[in-house]
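Student: Could you walk me through this structure? I would like to take it piece by piece.

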Amino acid sequence: MTLTKDALLEYLQRHVRTDLRALGDDAPLFSTGVIDSFAMVELLLFLQSHTGAKLGPEDVDLDNFDSIARIMAFAAAREPK
Amino acid sequence: MTRGIVILGPPRSGTTLLRRILGAHPDIAAPPETYLLSGAARFLHEDRFSPGLPIGAVAGLGFAGFDEAEVLSRLRAFVFGFADDFARRHDKRRWALKTAFDAFHVPAIRRLCAGHVQFVCLQRQGLDVIASLEELVHKTGGYVDELHAYVRRHPDPLEAFAQAWIDAAGAVAELAADEPGAIALRYEDLVREPAAVIADLLARLGARADEGVLARALAELGEVGFGDWKTYGRATIDDSSVDRWRRLPAAARARLAELCNPTLVRLGYGAVPIDTATDDAQRRYELGLMVQRMRRPTS
């Protein structure tokens, strides 16, 4: 299932209760506390269910999940071709 | 029209906000939480054992020649007397009482007050109440007696809060349905459309319309006394606390939904979906550890 930016923002809006649309796509989320650990775990589960790929320790990295742009890029790379 | 108004709702359901608004009306005095009604409820407490008489003050005084109506009348005069004096001091004709944990004493409060006050019954989505109770307990550092009774029975605090909410919300709903003149409100409606909800409430209370009541309530600084500490930090009413349950971990949401959904549906809130697909505790734990490692600064 292809992850759209709107679906991601809607999901984060429900779990983080912060309107991330007001932030830029490159704004840091986890390293600045906008997303906490609990919400990050929920996000990872959400991405797993969307991409069908099981995440490993090598995936769970700020480079992949610290901004909307990085999350979208990671999801696109893991989606089945 | 009664001079007394009693606000009842499970704790963390917006009762302090409502008290604050009603207290800004020129005819209604609303003291900080007095614990008068729950205190009176404890006075009326009776132990009942299958073979015998109820054991308590009413039965005991009955044997001394004071019938129940007289005992209730004297107790009512004692309780209402404080509220009447408070209203007089503020040059107002009516009063509104609320204390956070009164909802756990509804039968006794009803026994004391029915026919002598107008009840305002407030409800809020149960999982939001539970999330807010968790925050309250964290701030206070312990459990008041009414909550402790549930924590003793349920080792998981969230489950204890859920059972507490189910009981309190059920008792308040029953009163709202059965008591003539009782007014039922929802927290969600109050924070989304405060002007309309309060205008309608004042009309149903027989109080004069007052378009400035919200502005005056919000302009007031917090007063010394028991009550919700958060409402006084707000200069506006908004719905930012609605649906806060969505931030609970999915496993907790699923467990609470199982417990609360029958009551949520009965109260007109939708059932909370139980997302069994993500309810994988071990996988959640593994991901949690990975996220914690992600926090560590690289050397």
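Student: Where is Gly115(B) placed?

Tutor: Gly115(B) sits in the loop of chain B between helix H5 (106-113) and strand E6 (117-123), where helices (H or I, at least four residues) and strands (E, at least two) are DSSP runs numbered from the N terminus. Before we go on, note that this is a predicted model, in which local features need pLDDT of at least 70 and side-chain atom pairs count only at pLDDT 80 or more, while totals for chains, interfaces and linings use all residues. Residues are numbered from 1 along each chain as its sequence is written, and chains are lettered from A and ligands numbered from 1 in the order in which they are written.

Student: Okay, and is Gly115(B) buried or exposed?

Tutor: Gly115(B) is exposed, because 9 other C-beta atoms lie within 10 Å. The cut-offs are these: a residue is buried if 20 or more other C-beta atoms lie within 10 Å of its own, exposed if 12 or fewer, and partly exposed in between, with C-beta atoms placed from the backbone.

Student: What about Leu53(B), where is that found?

Tutor: Leu53(B) belongs to the loop between strand E3 (46-47) and strand E4 (55-56) of chain B, and Leu53(B) counts as partly exposed because it has 13 C-beta neighbours inside 10 Å.

Student: Switching to helices, at what angle do H6(B) and H8(B) cross?

Tutor: The axes of H6 (residues 126-140) and H8 (residues 157-178), both of chain B, cross at roughly 125 degrees and come within 9 Å. Axes here are lines fitted to C-alpha atoms, for helices over the stretch in contact, and angles run from 0 to 180 degrees between N-to-C directions. That angle makes H6(B) oblique to H8(B), since angles under 35 degrees count as roughly parallel, over 145 as roughly antiparallel, 65 to 115 as roughly perpendicular and the rest as oblique.

Student: Which residues make that contact?

Tutor: On the H6(B) side they include Val129(B), Ile130(B) and Leu133(B), and on the H8(B) side they include Leu158(B), Phe161(B) and Trp165(B). Two residues are in contact if their C-beta atoms, placed from the backbone, lie within 7 Å. The residues of this contact divide into 9 nonpolar, 1 polar and 1 charged, where Ala, Val, Leu, Ile, Met, Phe, Trp, Tyr, Cys and Pro count as nonpolar, Asp, Glu, Lys and Arg as charged, and the others, Gly among them, as polar.

Student: How does H6(B) pack with H12(B)?

Tutor: H6(B) and H12 (residues 250-266) of chain B pack at about 130 degrees with their axes 9 Å apart, and are therefore oblique to each other. Gly126(B), Leu127(B) and Ile130(B) in H6(B) meet Leu256(B), Cys260(B), Thr263(B) and Leu264(B) in H12(B), which gives 5 nonpolar, 2 polar and no charged residues.

Student: And what does chain A consist of?

Tutor: Chain A has 4 helices and 0 strands, and buried residues make up 30% of its 81 residues.

Student: How many residues of chain B touch chain A?

Tutor: There are 14 residues of chain B in contact with 15 residues of chain A. Helix H13 (residues 281-295) of chain B gives the most to that side of chain B, with 8 residues, and by class the side has 7 nonpolar, 3 polar and 4 charged residues.
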